[in-house]
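Welcome! Here is a friendly briefing to read alongside the structure. Take a look at it, and then we can walk through it topic by topic.

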Amino acid sequence: MGAPDRYSFPSDPVANPEAVVTGGSEGNYYRFTILTSRLLRYEWSPDGGFEDRVSTLAFFRNFEVPTFAVVESKRGLEITTAHFRLTYNKKEFSPQGLSVKVGNDVWRYDGQSYGDLGGTARTLDNVDGRIPVAPGVLSRKKAYAVLEDSDSMLFEKGWLAIRQPGRKDGYLFAYQGDHKAAIKDFYKLSGKQPVLPRWSLGNWWSRYHEYSDSEYITLMNNFRKAEIPLSVAVIDMDWHKVNIPEKYGSGWTGYSWNRNLFPDPESFLRELHRRGLKVTVNDHPADGIRAFEDLYPEVAKALNQDPSSGEPILFDCTNKHFLDAYFDVLKANIEKQGIDFWWIDWQQGNKSKIPGVDPLWVLNHYHYLTSKRNIGTTEEPITFSRYAGPGSHRYPIGFSGDTIITWASLQFQPEFTATASNIGYGWWSHDIGGHMGGSRSNELTARWVQLGCFSPILRLHSEKNQWNSKEPWNYEPDTASVMKQFLVLRHRLIPYLYTMNIRAHEDNEPLIQPMYWNHSSPAAYTVPNQYNFGPNLIVAPITTPHNASTLLAPVTAWLPEGRYVDLFHPTLVYDGGRHIHLHRPLSEIPVLAPQGTIVVLDGTPKLPNGVSRPTDLEIVLVVGADASFDLIEEPEPESSEYVRTPITWNQQYGRLSVGPASSGPTRWRNWRVKLVGHTGPRTGRHETHIISRDLENRCTTLDFGSQSEFTVYLGDNLQLDVVDIRTRVHEVLHRCEMGYWMKEQTWLAVTDSELPVEQRVEKLRALEIDDAVKDAVMEIWAADGRAAGSARGLERWTKEGEGEDCYVLV
């Protein structure tokens with residue numbers, strides 16, 4: 001485990017001189033850098049100096065020089081590109097003196113960041129519901145966004161540096177709603193999202209609880225008996241000594257195993273590794289290294305301090321010698337025992353001995369770079385810590401903090417995760433199920449686990465409370481079943497998630513994207529909790545309790561133009577281009593796929609711990625349009641190239657082609673194909689491969705056995721099945737808890753073929769029943785315009801309250 005050069009990292013912070021416009025006189029100097037025709041850096045300095053060092057935001061400023069024009073006079077300056085026009089009076093920056101016209105909007109300098117679509121926040125600690133978030137680089141109300149960089153921390157020759165006071169520095173993003181172009185240039189400026197190790201995408205177990213080694217191993221065995229796979233074992237702060245002599249202060253910080261609980265740490269960690277788990281432990285570093293610690297003498301010697309003095313070694317992130325001892329003596333020795341990576345739980349604010357140096361930035365940056373020494377076991381560098389500000393995406397994974405266990409907390413979390421992508425931060429890990437407070441709710445927990453399955457990271461967590469823990473078997477049977485279903489699904493999704501992981505790195509496309517990233521319709525901004533999960537899937541998490549009449553939980557969704565099927569509810573196919581109310585039982589969350597979607601799942605019948613490359617794969621195919629998907633997997637030994645297996649679907653001829661893989665030896669795998677939402681007529685062309693045609697759930701599954709590559713013809717121009725309105729409405733009404741007579745009147749309103757559909761819809765609206773029942777019926781009745789008697793187009797939306805997201809179906 002050789003020490004890496006943690007003071008060396010890729011950067012190219014000096015801009016091309018040809019992109020720079022500068023000038024000024026004593027006490028008043030300016031510099032503008034035209035990074036692209038839509039990205040401008042603006043600087044002002046009282047001393048004539050400008051910043052070419054790396055900032056926490058900007059690692060790379062040497063862009064290709066765009067086309068721009070400069071018109072200068074004694075009193076003013078204009079810079080024009082294809083996308084903006086800057087006007088400047090050559091004085092200290094002010095709203096009157098520096099402005100930039102972008103489209104029909106004018107930005108006037110005010111020293112503030114601006115991005116009205118939001119970014120993210122440092123923590124969700126103690127959050128119960130919605131909180132403000134810092135700006136990202138995307139805007140809707142204005143044609144521009146701004147990131148102020150005047151106060152950010154700097155790096156010089158790999159070490160910390162500070163800015164000269166009085167200078168002004170910032171970046172204007174002039175993208176006029178071209179959100180993806182803006183975020184891709186942000187990554188070009190700040191650096192890419194790194195690749196995560198495959199195992200980090202599986203299920204994490206975490207709980208703030210005073211485990212013993214035997215209790216923890218028994219728990220892991222119980223997960224295995226329950227056939228619920230895990231990939232990461234998190235051990236909160238009770239791994240170390242907590243009850244320490246009063247003279248040393250708090251036991252919040254610690255680096256010595258509690259031998260009463262873990263008498264043989266090496267053996268304990270070996271047992272976790274033997275079960276296919278990676279291990280991380282909690283570190284609250286603020287109190288430094290004190291004399292009671294096992295490694296105190298070695299750290300003291302490394303810092304030329306007399307170990308016999310017993311003087312505490314204070315945490316000082318601004319001291320390079322301290323950091324070297326912290327990483328190469330203290331942490332390296334603990335890592336040798338079997339710790340794979342660290343959970344950095346810094347909670348002491350953004351101040352240090354040096355003004356402008358935030359300890360969280362220092363911890364995140366150097367932990368990530370130091371973690372390279374462990375890639376023999378972790379596969380990729382990794383850390384696990386809080387968000388420090390723009391640029392934090394370079395140090396995944398993010399720990400969002402200790403949320404309150406309420407529906408309000410759950411309701412904010414999808415939006416919070418999605419808007420984080422607006423500042424490039426794609427790998428949040430939340431406390432799934434919430435951390436503390438609140439009250440026990442089976443339904444809330446199940447819905448939170450469903451969200452976790454379709455989040456960047458799924459990490460179960462809870463506070464130190466005997467009543468609060470997230471083992472599925474400790475909940476009611478229905479809830480336990482749902483939790484298991486989605487925890488298993490998370491591991492089945494690993495082939496897809498790892499592909500999205502590489503896509504995020506190579507193509508600057510985060511896994512989670514707000515709907516407005518990919519759709520310019522104003523309606524895309526009205527569903528902040530809905531998001532793209534990869535290039536095709538649309539997730540509309542359920543974040544409210546079920547209705548007492550329907551026993552279903554509702555969520556308002558917006559579907560772009562096209563036709564969609566719900567992967568968990570394939571009996572329903574929806575026409576797009578509209579808002580729609582979706583209603584689901586506890587076992588389902590809306591995950592909608594448009595025609596022409598391919599998702600690859602792990603097809604292993606019983607998934608073990610860990611996330612090894614599967615030999616059984618299932619292709620989920622949504623017919624109706626051409627589709628393609630490149631399955632990306634880790635490089636083979638002795639290779640640096642990712643293994644890419646192309647999968648294509650030709651709609652016209654019904655041709656599905658898999659492979660060949662782009663590199664590495666030929667791999668034979670067992671392949672299944674699941675046609676979701678299609679049962680269709682028997683064509684005879686693929687009959688021998690069909691292992692199930694599920695008419696009730698509208699899916700067809702085919703088995704093509706062990707293949708390295710293959711092409712099959714499934715039938716010309718296959719289409720999604722048409723919704724059976726009567727059957728589906730009957731299912732919903734059957735479960736409704738309402739009066740029998742009114743239930744029958746509702747049924748007749750839908751099925752009375754003697755009346756035109758328009759009159760029947762009005763008849764339904766007039767019934768004195770719970771609006772939720774009407775909504776649930778209308779969801780089905782208007783879902784698929786191809787269906788006989790469809791009410792498509794007869795939905796009536798009305799505006800209720802202020803804001804664009806206040807439309808309700810009546």
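In which loop is P660 found? P660 sits in the loop between β33 (655-658) and β34 (669-676); helices (H or I, at least four residues) and strands (E, at least two) are DSSP runs, numbered from the N terminus. This is a predicted model, in which local features need pLDDT of at least 70 and side-chain atom pairs count only at pLDDT 80 or more, while totals for chains, interfaces and linings use all residues. Residues are numbered from 1 along each chain as its sequence is written, and side-chain values use heavy atoms, with hydrogens and water left out.

**Peptide bonds and backbone angles**

- The bond leading from G659 to P660 is a cis peptide bond, with omega near 5°.
- Another cis peptide bond joins P396 and I397, where omega is about 25°.
- I397 has its place in the loop between α7 (375-378) and β18 (398-399).
- That loop between α7 and β18 also holds E379, whose phi is near 75°, a positive value in a residue other than glycine.
- E379 has 40% relative accessibility, so it counts as partly exposed; buried means under 20% relative accessible area, exposed over 50%, and partly exposed in between (1.4 Å probe, protein chains only).
- N126 is a residue other than glycine with a positive phi, near 60°, and its place is in the loop between β9 (105-108) and β10 (145-148).
- Because its relative accessibility is 55%, N126 counts as exposed.

**Nonpolar cores**

- A nonpolar core is a set of buried Ala, Val, Leu, Ile, Met, Phe, Trp, Tyr and Cys residues joined through side-chain atoms within 4.5 Å.
- The largest nonpolar core has 223 residues, and those touching the most other members are F173, L272, F454, F533 and W781.
- Helix α5 (residues 320-336) gives the most to this core, contributing eight residues.
- Another core, of 23 residues, lies apart from the largest one, and its members include I34, F84, V146 and L172.
- In soluble globular proteins, nonpolar side chains tend to be buried together.
- Leaving out residues up to four places away in sequence, F533 touches C453, F454, S455, Y496, L497, L511, I512 and V539; contact means heavy atoms within 4.5 Å.

- The 14 residues of helix α8 (residues 407-420) reach 21 Å from first C-alpha to last, close to the 20 Å expected at 1.5 Å a residue; the expected span is 1.5 Å times one less than the number of residues in the helix.
- At Q413, shortly before the proline P414, α8 has a kink of about 30°; the bend at a residue is the angle between axes fitted to the seven residues ending there and the seven starting there.
- Helix α8 is mostly covered, with twelve of its 14 residues buried, among them W407, F412, P414 and F416.
- Covering the buried residues of α8 are elements that include β19 (428-432), α9 (442-453), β21 (512-514) and β22 (531-533).
- Helix α9 has twelve residues and reaches 17 Å between its first and last C-alpha, close to the 16 Å expected.
- Twelve of the twelve residues of α9 are buried, so this helix is largely enclosed by the rest of the structure.

**Helices α10 and α11**

- Helix α10 (residues 477-492) packs against helix α11 (residues 494-507) at an angle of about 55°, with their axes 5 Å apart; axes are lines fitted to C-alpha atoms, for helices over the stretch in contact, and angles run from 0 to 180 degrees between N-to-C directions.
- The two helices α10 and α11 are therefore oblique to each other: under 35 degrees counts as roughly parallel, over 145 as roughly antiparallel, 65 to 115 as roughly perpendicular and the rest as oblique.
- Where they meet, R490, H491 and R492 in α10 contact I494, P495 and L497 in α11.
- Buried residues of α10 include V482, M483, F486 and L487, and what covers the buried residues of this helix includes β14 (203-205), α9, β20 (457-460), α11 and β29 (597-602).

**A tryptophan in a strand**

- W558 is found in strand β24 (residues 553-559), and at 6% relative accessibility it counts as buried.
- Not counting residues up to four places away in sequence, the residues that W558 touches include M515, H519, R578 and H579.
- W558 and G438 are 120 residues apart in sequence, and their C-alpha atoms are 31 Å apart in space.
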